[in-house]
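Take a look at the structure below. We will walk through its rings, its surface and its confidence values.

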Amino acid sequence: MQALYLFFSSEYKVQMESKVEQFKIALQYCVGIYIFAFVIIKALAFLGVPLDYIKGWQVIAHILSTSILALVSKAVMVSAAIELAYMLFTPGPDEAVDPLILGIAGTALLAMSDENSSKTDSMLYDSVAVFLFAISLAVLFYLRFMLTKWFPKQFKDNFDKNAD
C-alpha cells in the first residue's frame with residue numbers, strides 16, 4: 001500500500017517529471033550537436049578540405065550526399081518527436097503545440113530541400129505546400145499565444161522558469 005501511495009504522491013510526480021525533463025534536454029542537446037556536426041562537415045567539404053580519412057564512414061557518406069536542408073529538417077523532426085514524447089509526462093495542453101510547430105517547420109524545410117525535387121516536379125505544388133505550412137505555423141503560434149491567456153497558471157510557471 002505504501003508503494004501505491006508513493007507512486008501517486010505529488011512529490012514522486014514532480015521528481016519523475018524533473019528526471020524526464022533532464023533526459024529530454026540531454027536528447028535535445030544530442031540533436032543540436034548532430035546539427036552542428038554535419039553543418040561543419042558540409043562546410044569543410046564545401047571549402048575543399050580533404051575529408052578522405054572519414055569519407056569511409058557510413059554516417060559521413062550520408063551527410064555528404066544529402067542536402068543541408070534535408071539534414072536539418074530531419075533533425076528538427078527528431079526534435080519534435082522528442083518533444084511529443086515529453087508531452088506524455090507533463091500535464092496540460094501547452095506542451096502539445098511546440099512539437100507541432102517543430103514538426104511543421106521540419107516538414108516545410110524538407111519540402112524546400114533538394115531531396116523533395118525527385119518526388120514532385122511541380123514548383124507550384126511545392127509553393128502551395130510551403131504556403132500552407134506557413135499559414136499553419138501562424139495559426140499554431142497564435143494558438144500558443146492564446147494558451148497563455150486561457151491557462152495563465154500553467155504558463156506562469158513556464159515563464160518564471162525561463163526568466164531565471
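**A charge over a ring**

Lysine 24 lies over the face of tyrosine 86, 4.5 Å from the ring centre. A charge counts as over a ring if NZ of Lys or CZ of Arg is within 6 Å of the ring centre and within 35 degrees of the ring normal.

This is a predicted model: local features need pLDDT of at least 70, side-chain atom pairs count only at pLDDT 80 or more, and totals for chains, interfaces and linings use all residues. Residues are numbered from 1 along each chain as its sequence is written, and side-chain values use heavy atoms, leaving out hydrogens and water.

Now look for rings that pair. Rings of Phe, Tyr and Trp (its six-membered ring) pair if their centres lie within 6.5 Å; planes under 30 degrees apart are stacked, over 60 edge-to-face, the rest tilted. This rule gives 1 aromatic pair. The ring centres of tyrosine 34 and phenylalanine 38 are 4.9 Å apart and their planes are at 75 degrees, so the pair is edge-to-face. The two residues are 4 apart in helix 2 (residues 10-47), about one helical turn. Helices are DSSP runs (H or I, at least four residues), numbered from the N terminus.

Tyrosine 34 is partly exposed at 35%. Phenylalanine 38 is buried at 0%. Leucine 47, also in helix 2, is exposed at 64%.

How confident is the predictor? pLDDT scores this per residue, from 0 to 100. The chain's mean is 78. Helix 1 (residues 2-8) is lowest, at a mean of 51, and helix 4 (residues 68-87) highest, at 88.

How values were computed: Buried means under 20% relative accessible area, exposed over 50%, partly exposed in between (1.4 Å probe, protein chains only). pLDDT is the predictor's confidence in each residue, from 0 to 100.
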